[in-house]
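Here are some notes to read with the model open beside you.

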Amino acid sequence: MKKILLLLTLFTPYFLHAGDMYTLQKCIDSALLNNPSLASAMKSLDASSERVWQSASVFFPTISASGDLGRRRAESAASPDDFAYSSSMSAGLSASMPLITFGKNYYSLSAQKASYKSSEFDYMSTLNQTIYNVKKAYFNLV
């Protein structure tokens, strides 16, 4: 009985890990796919990119269109069964663009570009930190 228990104790790690050979690259790939901090940094980078485009939009004109259609029915004075109809239509188109903003729009765009660069560095830092942590843990086990 002691021999069987000893054999099970010695070979159990071998049987458990025989098919699960993890390389360093597999571990890094798995960490990059499943790390919530990295996903959050990527979404923050995407949002920052959209804010740059939003800031740049003030340099383009704003165009708006409107329209109105109406119909009016009026009874004839001669006969209550006679009706006169009149229709009216109107349409409008307008464009506007701020001309003098004293650099407010330009500096707002510059600030958003700097914020995007900052988000880019945050993402790269999170990526590098994740890879470093995986390598450190992997080599501590090996």
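1. Start with Ser119, which is buried at a relative accessible area of 10% (buried means under 20%, exposed over 50%, partly exposed in between, with a 1.4 Å probe and protein chains only). Ser119 sits in helix 4. Setting aside neighbours within four places in sequence, Ser119 is in contact with Ser44, Leu45 and Ser48 (contact means heavy atoms within 4.5 Å).

2. A word on what you're looking at: this is a predicted model, where local features need pLDDT of at least 70 and side-chain atom pairs count only at pLDDT 80 or more, while totals for chains, interfaces and linings use all residues. Residues are numbered from 1 along each chain as its sequence is written, and side-chain values use heavy atoms, with hydrogens and water left out.

3. Now the overall layout. The chain has four helices and two strands, and from the N terminus on the elements run α-α-α-β-β-α. Helices (H or I, at least four residues) and strands (E, at least two) are DSSP runs, numbered from the N terminus. Buried residues make up 12% of the 142 residues in the chain. Take the contacts between residues at least 6 apart in sequence: 71% of them join residues at least 24 apart.

4. Back to the serines. Ser48 belongs to helix 3 (residues 36-56). Is Ser48 buried or exposed? Ser48 counts as buried, because its relative accessibility is 0%. Not counting residues up to four places away in sequence, Ser48 touches Ser115, Tyr116 and Ser119.

5. Two packed helices are described by the angle between their axes and the distance between the axes. For helix 3 and helix 4, the angle is about 165 degrees and the axes are 9 Å apart (axes are lines fitted to C-alpha atoms, for helices over the stretch in contact, and angles run from 0 to 180 degrees between N-to-C directions). That makes helix 3 roughly antiparallel to helix 4; angles under 35 degrees count as roughly parallel, over 145 as roughly antiparallel, 65 to 115 as roughly perpendicular and the rest as oblique. Helix 3 and helix 4 cross in a left-handed way (left-handed if the near helix is turned anticlockwise from the far one by less than a right angle, right-handed if clockwise).

6. Who takes part in that contact? From helix 3 the residues include Leu38, Ala41, Met42, Arg51 and Val52, and from helix 4 they include Leu109, Gln112, Lys113, Glu120 and Tyr123. By class, the contact of helix 3 with helix 4 divides into 10 nonpolar, 10 polar and three charged residues. Here Ala, Val, Leu, Ile, Met, Phe, Trp, Tyr, Cys and Pro count as nonpolar, Asp, Glu, Lys and Arg as charged, and the others, Gly among them, as polar.

7. Helix 4 has another partner. Helix 2 (residues 24-34) and helix 4 (residues 104-141) pack at about 140 degrees, their axes 10 Å apart. That makes helix 2 oblique to helix 4, and the crossing of the two is right-handed. Leu24, Cys27, Ile28, Ala31 and Leu32 of helix 2 meet residues of helix 4, among them Ile131, Val134, Tyr138 and Phe139. The contact of helix 2 with helix 4 has 10 nonpolar residues, one polar and one charged.

8. Have a look at Phe139, also in helix 4. Phe139 counts as exposed, because its relative accessibility is 52%. The C-alpha atoms of Phe139 and Leu24 are 8.8 Å apart, although 115 residues separate the two along the chain.

9. On to the strands. How many of the 14 residues of strand 1 (residues 62-75) are buried? The number is zero, so strand 1 lies largely in the open. Strand 1 pairs with strand 2 (residues 83-96) in the antiparallel sense over 14 bridges (two strands pair if DSSP finds at least two bridges between them). Ala74, for one, has Ala84 in strand 2 as its bridge partner.

10. Glu75 is also in strand 1, and Glu75 is exposed, with a relative accessible area of 57%. Glu75 and Tyr85 are 10 residues apart in sequence and 8.8 Å apart in space, C-alpha to C-alpha.

11. Last, a backbone detail to check. Phe102 lies in the loop between strand 2 and helix 4. Phi of Phe102 is near 55 degrees, a positive value in a residue other than glycine. Phe102 counts as exposed, because its relative accessibility is 77%.
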